[in-house]
Amino acid sequence: MAPKVLVSDALSETAVQIFRDRGIEVDFMPTLGKDKEKLAEIIGNYDGLAIRSNTKVTAKLLESTDRLKVIARAGIGVDNVDIPAASKKGVIVMNTPFGNSITTAEHAIAMMFAVARQLPEANASTHAGKWEKSRFMGVELFNKTLGVIGAGNIGGIVCDRALGIQMKVVAYDPFLSEERAKQMGVTKVELDELLARADFITLHVPLTDKTRNILGAENLAKTKPGVRIINCARGGLVDEAALADALKSGHVAGAAFDVFETEPATESPLFNLPNVVCTPHLGASTAEAQENVALQVAEQMSDYLLTGAVQNALNMPSVTAEEAAVMGPWLKLAEHLGAFVGQMTDEPIKAINVLYDGHVADMNLAALNCSAIAGIMKATNPDVNMVSAPIAAKERGIQVATTSQGKSGVFDAFIKLTVVTDKRERSIAGTCFSDGKPRFIQIKGINIDAEIGAHMLYTTNEDVPGIIGLLGMTMAKNEVNIANFTLGRTGEGKEAIAILYLDQPMDQKVVKLLEGTGMFLQVKPLEFDVI
Ligand SMILES: NC(=O)C1=CN([C@@H]2O[C@H](COP(=O)(O)OP(=O)(O)OC[C@H]3O[C@@H](n4cnc5c(N)ncnc54)[C@H](O)[C@@H]3O)[C@@H](O)[C@H]2O)C=CC1
Ligand SMILES: O=C(O)C(=O)COP(=O)(O)O
């Protein structure tokens, strides 16, 4: 039976043609995304779902299907897909990481011009026959400072275009290295400095727990009087009510928004304020970008459904069908090693060194490297995948070095990942036993035997009596159930490591309690994508 795909958002019909040409049955229902009930009713009839941002793939929707194998997002942001829920169901989630980035960057630049010169209001007034020439006094962009929050693919293109019109550009992105900033011709700054210096601020970060309300009331108050704010990334990055207040008080001179906290946005505190330019999430809406993403989604989905090959997946490594069978556990191990160091590192990474020892050195090291890098980069951008992560790392000036060697120790094979920053080097090694289960075998040079759980707590301490009891008591008092426990140490009285396996993500309150005891060198909750 031919696989069947549902297109539930307004993709270019190029996608439909490609599916048909490749022998895939396709139903094109470009407005279905809005109708949750109908979608839930029919989703069980399909192997693949092709979407843009209108369709919300929730855990509840996924409960309505046992047939779905792949969800493909014709675009970048996948915050409308519950990826953990999809992973749990074994559904692959793909995106198209670069197809619409130029187009979206151009929209941000267009919005900046529009808000600088009040183009929409001037246009409406002129159409109304008013000829209000003296009402619309604008500001020049030349020599003004643009503050870019998030200097990844889209932010990087925005920086380039802004420099072209001779703006000064400052960028805030914890994962932008000084070298890369220099190459781009921008000044890397901390967020507070950007807020104080920028005449225009544009956002290009994904929506995560860390970036939600990055421009809330407190940070808006730190901006320069007369600042103009552009958001073509995601609703929820800027607190719309707080921004509306800052616009009404005159502190913020203008705003240009393509994305809103609730979409479709039928109301917002920003609507109908003077000098607020709004578009209905049009960032990716050009003929070129839509052709790019539709073509790519249809090819990727067809490849997967017909041959099992995986490309641009966010919750599964991309490898050929033949490789997948042999390399699966090692790819997952590489990603977990990356996720460990990524979550442990909060300063710019300069280099990533990967050592392959034993028979793993004969596998597809490029794919393993990609998986490790994706694991690292996911700590700052959950949208990154095996394909986009190495490019993102390269753009940030991160050097990736690979070494392979024959079996050197007791393990038949292992991978050791080292991340280098200006301040430190951090290493972790892992292996896969014949049970196919990845596990960590060495952290900070300390031997350990740790399987990988979805929710873990990592602690280090000086090896003194009472630590296990302290951990156990604190967890018990706060009703945190410990599913399992692993220890390691360099030697008596030296540094020791504990890994606790939990049933749910670690509560920050308990982390603070443990830190407050003064008994730990480090207390770090870690999350792993364990399918
Ligand atoms: N309006 C629209 O139609 C479109 C919107 N987008 C949005 O644009 C976002 C950015 O896309 P790309 O540039 O392709 O992603 P990217 O992954 O290349 O860049 C994101 C950058 O944000 C940085 N970042 C992460 N957390 C940060 C934080 N807390 N503070 C500062 N920087 C942080 C990352 O280090 C990275 O450099 C997407 O996640 C999507 O939400 C994308 C396409 C179209
Ligand atoms: O690619 C993205 O992240 C976008 O936000 C584009 O959204 P859209 O496909 O236009 O609904």
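Guide: A residue counts as near a molecule or strand if its C-beta atom, placed from the backbone, lies within 6 Å of it. This is a predicted model, where local features need pLDDT of at least 70, side-chain atom pairs count only at pLDDT 80 or more, and totals for chains, interfaces and linings use all residues. Residues are numbered from 1 along each chain as its sequence is written, with chains lettered from A and ligands numbered from 1 in the order in which they are written.

Visitor: Which residues surround ligand 2?

Guide: Arg52, Ser53, Gly75, Ile76, Gly77, Asn100, His281, Gly283, Ala284 and Ser285.

Visitor: What makes seven of that shell polar?

Guide: Ala, Val, Leu, Ile, Met, Phe, Trp, Tyr, Cys and Pro count as nonpolar, Asp, Glu, Lys and Arg as charged, and the others, Gly among them, as polar. That leaves two nonpolar, seven polar and one charged.

Visitor: Why do β20 and β22 count as edges?

Guide: The open sheet runs β20-β21-β19-β22, with antiparallel pairing. β20 (482-489) and β22 (522-527) each have a single partner strand, so one side of each lacks a neighbour in the sheet. Strands here are DSSP runs (E, at least two residues; helices are H or I, at least four), numbered from the N terminus.

Visitor: What makes β20 and β21 a pair?

Guide: Pairing takes at least two DSSP bridges between two strands. β20 and β21 (residues 495-502) have seven, in the antiparallel sense, so they pair by that definition. Thr486 stands opposite Ile499 in β21.
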